[in-house]
Amino acid sequence: MISEKRFHEILSYYSQLLPIMVVGDVGVDKYTYGEVKRISPEAPVPVLEVTKEWHKLGLAANVSDNLQSLGVTSTLCGVIGNDNMGNTFEDLLEENRLKTWGLVRAEKRNTILKERVTTNTQQICRIDYESKDLIDEEVKNKLLSRIKDLNHNHSALIIEDYAKGVISEDIAQKLIHAYKEMGKIVCVDPSRTTPPQWYRGATLLKPNRSEAVLMAELLGYHKETEISKIASILVDKLQLKKVIITLSSEGMALLDTELDGKIHIIPTVANEVFDVSGAGDTAISAITASLVAGATLEEAAWIGNCASGVVVGKKGTALVNQEELKLFYQNLKNKLK
């Protein structure tokens with residue numbers, strides 16, 4: 001486990017870091033909350049009596065929100081529609097002290113909205129308003145131009161790919177090459193439906209187990225299920241330096257070619273799991289910030305692991321701040337004595 005000294009030392013560097021560039025699909029998470037007291041007479045479905053509704057930043061915007069909560073500045077770049085939900089999205093950014101400079105409005109696309117209908121005990125359904133078509137050439141060029149204008153004085157790049165049309169092979173490769181030429185870290189949180197070759201050359205890839213297995217299949221390794229071999233395949237075929245494969249209740253598998261090049265497993269640290277929404281966004285935020293702050297891959301993974309442990313104990317797309325993270329670490333350390 002990461003030592004207490006290093007844990008606090010790495011977190012103390014967060015506020016000194018140059019901004020992290022975050023690029024990907026962005027949208028709004030809406031929560032519709034209430035109680036179910038009866039079944040509808042029209043069909044065998046529950047009737048939700050709504051007591052409150054609220055909006056939160058979703059998808060890649062949740063990465064920037066998590067970075068902000070951890071004390072790290074960021075620049076968010078993505079595409080929204082020229083619609084009322086786009087206005088809501090910009091308002092949410094400003095409420096959370098995040099800049100709107102990196103946003104491009106697209107006339108032919110709607111702003112992504114994910115509505116979760118939930119009670120105190122369970123989620124009844126999720127309603128998605130979205131397009132998965134790739135952004136058109138004009139919007140793509142506007143986005144690349146906007147990113148280029150904002151690129152200076154950034155410490156790292158996070159590509160947060162939800163496969164909603166913003167990340168294409170052209171965009172991913174141009175960004176990866178640009179940041180590698182500047183000697184900056186590029187971390188990718190991939191989508192299971194994106195061709196893995198689009199991410200080649202990144203510093204770090206962070207898939208979950210099922211995404212990693214599917215990537216290996218798409219790279220020609222159809223029967224491989226052993227995590228250590230899959231990690232090696234991804235590093236080799238995609239020219240990566242580091243891989244973290246999240247394993248749910250089994251923790252994380254790490255491979256760092258700049259150290260011993262061997263697989264290492266760290267255990268999960270979550271105490272209770274109420275909601276996994278956004279936990280991956282939290283992990284990539286904390287891991288990237290820690291790497292930029294000088295952490296080893298294992299140290300960064302431990303901090304990302306603890307950060308995820310905090311947010312899965314909350315309901316909805318949640319955030320973690322440094323005080324919560326330090327308390328979680330201290331409780332974990334005491335438990336392991």
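Predicted model: local features only at pLDDT ≥ 70, side-chain atom pairs only at ≥ 80, totals over all residues.

Trainee: OK, and how many residues does α5 have?

Mentor: Helix α5 (residues 169-181) has 13 residues. From its first C-alpha to its last, α5 reaches 18 Å, close to the 18 Å expected at 1.5 Å a residue. That expected span is 1.5 Å times one less than the number of residues. Helices here are DSSP runs (H or I, at least four residues), as are strands (E, at least two), numbered from the N terminus.

Trainee: Which residues in α5 are buried?

Mentor: Ile-171, Ala-172, Gln-173, Leu-175, Ile-176 and Tyr-179. Buried means under 20% relative accessible area, exposed over 50%, and partly exposed in between (1.4 Å probe, protein chains only).

Trainee: And what do the buried residues of α5 pack against?

Mentor: They pack against β1 (20-24), α4 (137-150), β8 (156-160) and β9 (185-189).

Trainee: Back to phi: what about Ala-163?

Mentor: Ala-163 has a phi near 60°, a positive value in a residue other than glycine. It's in the loop between β8 and α5.

Trainee: Is Ala-163 buried or exposed?

Mentor: Ala-163 is buried, with a relative accessible area of 19%. Arg-97 also has a positive phi, near 60°, but Arg-97 is exposed at 66%. You'll find Arg-97 in the loop between α3 (84-95) and β5 (103-106).

Trainee: New topic: at what angle do α1 and α10 pack?

Mentor: About 175°, with the axes of α1 (residues 4-13) and α10 (residues 322-336) 12 Å apart. Axes are lines fitted to C-alpha atoms, for helices over the stretch in contact, and angles run from 0 to 180 degrees between N-to-C directions. That makes α1 roughly antiparallel to α10 (under 35 degrees counts as roughly parallel, over 145 as roughly antiparallel, 65 to 115 as roughly perpendicular and the rest as oblique).

Trainee: Which residues of α1 make the contact?

Mentor: Glu-4, Phe-7, His-8 and Leu-11, and on the α10 side the residues include Leu-325 and Tyr-329. Contact means heavy atoms within 4.5 Å.

How values were computed: Residues numbered from 1 in each chain as written. Heavy atoms only, no water.
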